[in-house]
Amino acid sequence: MECEMGVCVGESDGLTFWLARPQDYDEVMAISKGIYGGTDYLPHRYHSWMTEPNRVTIIARRDGKLVALESGLVVDGGTTEVVTGLRVCPSERGRGLAGVIQRVTDRYIKQVYPSVNIKRLTRSDDPGPEKLFTVLARRAVLSLQGKAETFDSFVLGLKAKLANMEKSGEVTATSHELVVLKDSHHLKALLLDPDLSSRLQLPGGAIIQDWLPLKPMESNLEVLRRSNLSWLADISNDKPTFMSCCTPPYPVPFNGGSLTLNIDMYGEVLFLAIKAMIIHLEQVREQIYGGVVVHIYIPHSLWEGMKKFCEGDEGVKQYMDFWEQLFLERELS
């Protein structure tokens with residue numbers, strides 16, 4: 001049903017459900033205040049979601065008022081729905097609305113994309129009693145915060161520490177060379193290598209890029225390309241044991257307006273993780289200003305070493321204690 005409020009996709013529990021539109025932006029932002037401690041990505045990405053291929057975004061209204069939002073992206077060649085952006089307004093929380101809009105979204109996606117049979121999502125808290133979902137993987141997250149102008153000295157300090165580690169023999173780096181992957185054909189070949197998942201110990205067999213889990217398959221490469229990522233790989237041989245990608249900095253509401261960037265790392269070599277962090281921060285130096293929050297997603301085995309390596313700088317400090325990213329999956333009936 002289509003009317004002046006857009007396309008209605010269902011009614012349930014005194015609610016009406018609609019395909020989200022660009023003009024719903026202000027209402028969506030009104031129910032999103034304080035999400036993720038101010039580092040919410042949705043203000044920046046909402047409008048691109050409206051035109052993103054294979055994405056469905058649904059809002060719920062009660063008596064005309066927008067009270068919830070859910071979005072799903074169909075990936076993995078049309079077999080998987082990845083849930084993103086679940087929001088419920090504060091006055092409606094604790095009343096089961098999150099479950100209702102998820103069921104409506106799942107049903108609508110299944111109608112439009114009949115081949116979808118798997119539902120995946122990432123979240124930062126343990127699902128507990130939600131036993132319908134299987135936890136496929138957990139990653140540790142190291143978060144850093146500082147002013148843009150302090151990152152220069154921070155990076156210089158990191159490089160000096162790394163040089164000292166090499167001189168003292170703490171690490172042997174001569175056999176490893178991290179390079180920026182600018183050639184799309186080279187990147188494609190690396191990402192589609194059938195041995196990639198086992199060599200890099202990909203979490204749950206997926207490339208989790210900025211909370212979006214994707215199987216390393218050709219149909220997902222366009223999704224990665226749209227993110228305009230910067231990629232690094234250890235090319236000491238044809239079979240890298242370490243890769244990393246970084247988002248461009250994007251604005252978030254934190255502290256009245258800041259920038260954030262997300263660095264995802266695959267592989268368990270601490271020296272390469274440190275080196276990748278330094279290269280990514282150097283790459284974005286000309287793009288950052290004001291307050292900056294950096295989230296680094298890494299295997300648990302690297303978290304303590306990365307944390308200690310980053311300590312000691314007065315301008316860039318750890319933001320948030322240890323926290324995790326969980327990767328969940330269930331069948332979609």
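Helices here are DSSP runs of H or I with at least four residues, strands are DSSP runs of E with at least two, and both are numbered from the N terminus. The model is predicted: local features need pLDDT of at least 70, side-chain atom pairs count only at pLDDT 80 or more, and totals for chains, interfaces and linings use all residues. Residues are numbered from 1 along each chain as its sequence is written, and side-chain values use heavy atoms, with hydrogens and water left out.

**Stop 1**

Select residues 6–12 and 15–19. These are β2 and β3, which pair in the antiparallel sense over 4 bridges. Two strands pair if DSSP finds at least two bridges between them. Pick Gly-10; its bridge partner in β3 is Phe-17. Now go to the turn. The hairpin has 2 residues between the strands, and Asp-13 takes a positive phi near 55 degrees.

Thr-16 has Arg-61 as its bridge partner in β4. In a regular strand the side chains alternate between the two faces of the sheet.

**Stop 2: Glu-92**

Select Glu-92, in the loop between β6 (80–88) and α3 (97–112). Is Glu-92 buried or exposed? Glu-92 is buried, because its relative accessible area is 5%. Buried means under 20%, exposed over 50%, and partly exposed in between, with a 1.4 Å probe and protein chains only.

Show what surrounds Glu-92. Beyond its neighbours within four places in sequence, Glu-92 is in contact (heavy atoms within 4.5 Å) with Arg-62, Val-67 and Leu-97. The side chains of Glu-92 and Arg-62 are joined by a polar contact of 2.8 Å. A polar contact is a pair of N or O atoms within 3.5 Å; within protein, one must be able to donate a hydrogen and the other to accept it, and residues adjacent in sequence count only if both atoms are side-chain atoms. Ala-68 lies 24 residues from Glu-92 in sequence, and 8.5 Å away in space, C-alpha to C-alpha.

**Stop 3: Arg-120**

Move to β7, residues 118–123, and pick Arg-120. Arg-120 counts as buried because its relative accessibility is 5%. Its side chain makes a polar contact of 2.6 Å with the side chain of Glu-329.

**Stop 4: the second largest pocket**

On a 1 Å grid over the protein atoms alone, a cavity is a set of points where a 1.4 Å probe fits but cannot get out, and a pocket is an open set with protein on both sides within 12 Å along at least five of seven lines; lining residues have an atom within 4 Å of a point. Grid points are joined across faces, edges and corners, and a volume is the space filled by probe spheres set on the points.

The second largest pocket has a volume of about 380 Å³. Of its 18 lining residues, select the closest to the centre: Ser-184, Leu-187, Leu-221, Arg-225 and Trp-231. Which helix gives the most to the lining? It is α5, with 5 residues. The lining divides into 8 nonpolar, 5 polar and 5 charged residues. Here Ala, Val, Leu, Ile, Met, Phe, Trp, Tyr, Cys and Pro count as nonpolar, Asp, Glu, Lys and Arg as charged, and the others, Gly among them, as polar.

**Stop 5: the largest cavity**

The largest cavity has a volume of about 30 Å³. Select its lining: Leu-191, Leu-196, Leu-200, Leu-202, Ile-207, Trp-231, Met-243 and Tyr-266. By class, this lining has 8 nonpolar, no polar and no charged residues.
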